[in-house]
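The following note concerns the pocket and the charged side-chain pairs of the structure shown below.

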Amino acid sequence: MKNERAIIITTGVIVGLIASMLVYFGNPANMGYCIACFLRDTAGGLGLHNAKAVQYIRPEIIGLILGALGAAYAHGEFAPKGGSSPLTRFFLGFFAMIGCLMFLGCPFRMLLRIAGGDLNAWAGLVGFAGGIYAGIFFLNRGYSLKRTYKMTIAEGSLLPAAALALLALLITAPAFIHFTKAGGGPGAKHAAVAVSLVAGLAVGALAQRTRFCMIAGIRDFILFRETKMLYGFVAVTVAALLCNLGLTAATGTSFFKLGFVGQPIAHTDALWNALGLFLAGFACVLLGGCPMRQLILAGEGNSDSAIAILGFVAGAAFAHNFGLASSGAGPTANGQIAVVTGIIVVAMIAYLNTYKK
């Protein structure tokens with residue numbers, strides 16, 4: 001792809017603007033896009049957890065998968081494959097989600113929180129970079145989950161088909177689908193379905209074409225001194241920041257609040273913010289990409305990424321059913337135990353797939 005750096009920066013700017021505008025249109029503050037939060041909300045919408053404040057099938061998730069599917073088909077890149085240590089990938093996804101819900105956001109929301117003035121997110125960034133370093137330690141020593149195999153079109157189409165089914169459930173709203181009541185929490189805050197879906201389709205297509213990934217920016221810089229994806233990382237943050245400042249000036253409503261205290265859907269415990277994203281970064285390096293990247297790969301027909309997404313969903317349900325997820329009041333004791341356990345388990349997975357092949 002010609003002019004890759006310029007294309008990635010442009011993509012970052014567009015994605016950052018879309019994320020901020022989604023907040024303007026109704027999504028929770030500093031959460032125009034959060035893959036972890038939106039998978040958690042979707043799990044709640046399907047009744048997989050009982051946290052009534054976070055139950056809504058998020059169209060952005062559906063759009064990401066279908067946007068990537070469309071872009072992959074259009075460019076001859078829909079290539080179903082899988083079979084690379086699926087159960088291991090499930091557990092890596094599971095613990096990555098536990099880490100994200102300790103921090104209260106995925107790596108993408110970390111950038112949006114920084115762009116919204118949340119200084120707590122910088123602790124998350126430090127932890128996230130540390131987790132990527134930990135993963136690179138094993139990558140440099142031969143870590144691998146073995147090869148993938150060519151799969152059937154039917155296999156590669158299952159998750160996109162599930163995304164379409166979710167869209168049908170959202171639109172028809174049968175009685176068994178759960179929706180957070182108005183004023184009842186973050187699940188009740190969302191842009192219109194059409195707006196969210198179009199935003200998801202756009203970001204999914206752009207991310208598919210550019211291989212956009214929150215992990216890749218830091219990983220590739222450390223490994224190869226390659227900066228193009230890191231520029232995209234920065235472009236998202238700067239674009240969202242400028243959009244937040246512009247919206248604040250134009251509307252009189254604060255879309256930017258600099259400080260530690262009183263940030264939306266966030267807590268001030270720096271240690272556990274850092275450790276949460278350390279776990280998420282470590283696990284996602286071993287998976288080969290951030291949660292958004294896993295959705296994009298699943299849209300391209302990668303069943304290994306689909307298994308990782310099922311791990312994310314299971315982790316979200318488990319976290320809210322057993323009191324592992326943080327809240328604005330801070331981390332829970334159960335969550336702290338789960339994060340430490342997750343770091344140990346992920347380190348064991350890394351070790352066993354590096355030195356005990």
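1. With which residue does K228 form a salt bridge? The partner is E226, and the closest N and O atoms are 3.8 Å apart. A salt bridge is taken here as a side-chain nitrogen of Lys or Arg within 4 Å of a carboxyl oxygen of Asp or Glu. E226 is partly exposed, at 29% relative accessibility (buried is under 20% relative accessible area, exposed over 50%, partly exposed in between, with a 1.4 Å probe and protein chains only).

2. The model is predicted: local features need pLDDT of at least 70 and side-chain atom pairs count only at pLDDT 80 or more, whereas totals for chains, interfaces and linings use all residues. Residues are numbered from 1 along each chain as its sequence is written, and side-chain values use heavy atoms, with hydrogens and water left out.

3. Under the salt-bridge rule, the count is eight. One of these joins R58 to D41, with the closest N and O atoms 2.9 Å apart. R58 lies in the loop between α2 and α3 and D41 in helix α2, so this pair ties together parts 17 residues apart in sequence. (Helices are DSSP runs of H or I with at least four residues, and strands are runs of E with at least two, numbered from the N terminus.) R58 has a relative accessible area of 0% and is buried; D41 is likewise buried, at 0%. A network of salt bridges links R40, D41 and R58.

4. A further salt bridge pairs D304 with R89, the closest N and O atoms being 3.9 Å apart. Distant parts of the chain are linked here, since D304 belongs to helix α14 and R89 to helix α4 (residues 86-103), 215 residues apart. Both count as buried: D304 at 3% relative accessibility and R89 at 11%.

5. The largest pocket has a volume of about 380 Å³. A pocket is an open set of points on a 1 Å grid over the protein atoms alone, where a 1.4 Å probe fits, with protein on both sides within 12 Å along at least five of seven lines; lining residues have an atom within 4 Å of a point. The volume is the space filled by probe spheres set on the points, which are joined across faces, edges and corners.

6. The lining of this pocket comprises 22 residues, with L159, A162, L166, I309 and L310 nearest the centre. Helix α14 gives the most, with six residues. The lining divides into 17 nonpolar residues, four polar and one charged (nonpolar: Ala, Val, Leu, Ile, Met, Phe, Trp, Tyr, Cys and Pro; charged: Asp, Glu, Lys and Arg; polar: the others, Gly among them).
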